[in-house]
Amino acid sequence: MAVDWPGVRLTERSEMAARMRELDWEASPVGAVATWPEALRSAVDLILGSRFPMAIFWGEDLVQFYNDAFRLMLGEHKHPQFLGRPAAECWSEIWDTVGPMLHQVKASAEATWSEDLPLAMRRNGFVEETYFTFSYSPIPDGSAVGGVLNVAQETTEQVLGRRRLVTLRNLSAVALNEPGVGERLMQLLAGNPDVPFALLLDGAVGRPVLVAAHVGLRAFATIPVALEAAVALATATGKAIEIDVGPDLELANGADPFVGSAMRAHVLPLGGQSDYGGAVLVLGISPRLAFESSYRRFFGLVGTRVAASLSMARTYEEEHRRLDAMAELDKAKTTFFSNVSHEFRTPLTLLL
């Protein structure tokens with residue numbers, strides 16, 4: 001049901017329509033609704049009527065308007081206080097990237113397009129790795145450009161999904177007939193920012209020991225106490241656990257802006273999945289990502305791939321040793337019977 005609001009349709013079921021209706025626009029940079037130019041009224045009407053994420057940045061201050069779908073991309077810390085406020089206040093952490101783009105569109109009246117643009121955004125209490133595909137289009141206001149229309153779609157899930165799939169495919173393609181399979185698996189994990197560090201431990205012994213080269217970490221002489229306890233618990237229960245590693249482990253790539261200092265780790269027992277009976281895979285959790293269900297599933301699949309590769313490599317080694325032993329036995333048999341034949345032939349020759 002539409003209600004009258006000077007030239008703009010505001011539906012009763014729209015959260016942003018309700019918030020716009022309640023906002024004191026006279027105190028905002030764009031002033032009272034009655035003073036808005038027709039171009040702004042039409043643009044606001046357009047975005048509120050759309051179910052696709054849209055926002056408007058209007059005037060010299062690029063005052064921000066957005067619809068319900070766009071509101072979901074603002075997270076918990078950017079809504080609703082930035083409705084009707086300059087965009088630079090809302091997007092301060094990424095303003096060096098998007099600010100010049102907005103001003104360029106407003107000055108040139110030419111649209112822009114960005115695909116899977118990485119943005120380190122603070123919207124849920126931490127600096128988050130995000131990706132967006134969006135366009136900035138000029139909104140004419142008479143002979144000038146009054147503002148910019150932003151049509152956007154967050155592609156973080158798709159970008160992360162693609163790179164995780166590449167990692168899993170690479171783990172599955174490891175050559176099992178080459179030495180150092182464990183080290184190779186760790187190196188492949190190092191290519192994915194979702195895994196700031198990784199190490200493979202043997203928790204079956206009294207104290208956990210490294211069974212493959214670690215990646216993403218500076219050299220360390222002993223397993224930290226907190227990690228040792230976590231490995232023992234994971235091995236005993238057969239369940240993955242999360243721990244805070246804090247300063248116990250020092251990242252080798254801490255300068256990476258999308259990695260930072262990983263403070264948490266996922267300890268994943270491989271258990272019966274591997275011939276390394278007590279093997280435990282420790283994977284660093286990126287501080288730039290929420291550790292939600294898809295992230296956990298990825299780590300679970302990584303554990304499955306690593307365990308399978310280790311098991312198959314061990315089977316290959318054992319089969320190779322068995323074939324070598326059979327070859328040695330066959331060689332010994334051949335030598336034995338050749339010698340026996342020679343011994344039998346010598347006296348027979350003399351008798352004849």
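**Close-up views of a predicted model**

**View 1. P80 is found in the loop between α3 (68-71) and α4 (87-90).** Helices (H or I, at least four residues) and strands (E, at least two) are DSSP runs, numbered from the N terminus. The peptide bond that joins H79 and P80 is cis, and its omega is about 5 degrees. The model is predicted: local features need pLDDT of at least 70, side-chain atom pairs count only at pLDDT 80 or more, and totals for chains, interfaces and linings use all residues. Residues are numbered from 1 along each chain as its sequence is written, and side-chain values use heavy atoms, with hydrogens and water left out.

**View 2. L62 lies in the loop between β3 (54-58) and β4 (63-66).** The phi angle of L62 is near 50 degrees, a positive value in a residue other than glycine.

**View 3. Helix α6 (residues 156-172) packs with helix α7 (residues 181-189).** The angle between the two helices is about 165 degrees, and their axes are 10 Å apart (lines fitted to C-alpha atoms over the stretch in contact; angles run from 0 to 180 degrees between N-to-C directions). That angle makes α6 roughly antiparallel to α7 (over 145 degrees). The crossing of α6 and α7 is right-handed (the near helix is turned clockwise from the far one by less than a right angle). On the α6 side the contact (heavy atoms within 4.5 Å) is made by T167, N170 and L171, and on the α7 side by L185, L188 and L189. By class, the residues of this contact are four nonpolar, two polar and no charged (nonpolar: Ala, Val, Leu, Ile, Met, Phe, Trp, Tyr, Cys and Pro; charged: Asp, Glu, Lys and Arg; polar: the others, Gly among them).

**View 4. The largest pocket holds about 350 Å³ of space.** A pocket is an open set of 1 Å grid points with protein on both sides within 12 Å along at least five of seven lines, and lining residues have an atom within 4 Å of a point. A volume is the space filled by probe spheres set on the points, which are joined across faces, edges and corners. The lining has 17 residues, and those closest to the centre are E157, L160, R164, E292 and S294. Two or more lining residues come from each of α6 and α9 (293-351). Helix α6 gives the most, with seven residues. The lining comprises seven nonpolar, three polar and seven charged residues.

**View 5. The largest cavity holds about 170 Å³ of space.** In the whole structure, one cavity of 30 Å³ or more is found. Of its 15 lining residues, F70, W91, L119, Y136 and N150 are the closest to the centre of the largest cavity. At least two lining residues are supplied by each of α5 (95-108), β5 (112-122), β6 (127-141) and β7 (144-154). The lining of the largest cavity has 14 nonpolar residues, one polar and no charged.

Notes: Parallel < 35°, antiparallel > 145°, perpendicular 65-115°, else oblique. 1 Å grid on protein atoms, 1.4 Å probe; cavity = no way out; pocket = protein on both sides within 12 Å on 5 of 7 lines; lining within 4 Å.
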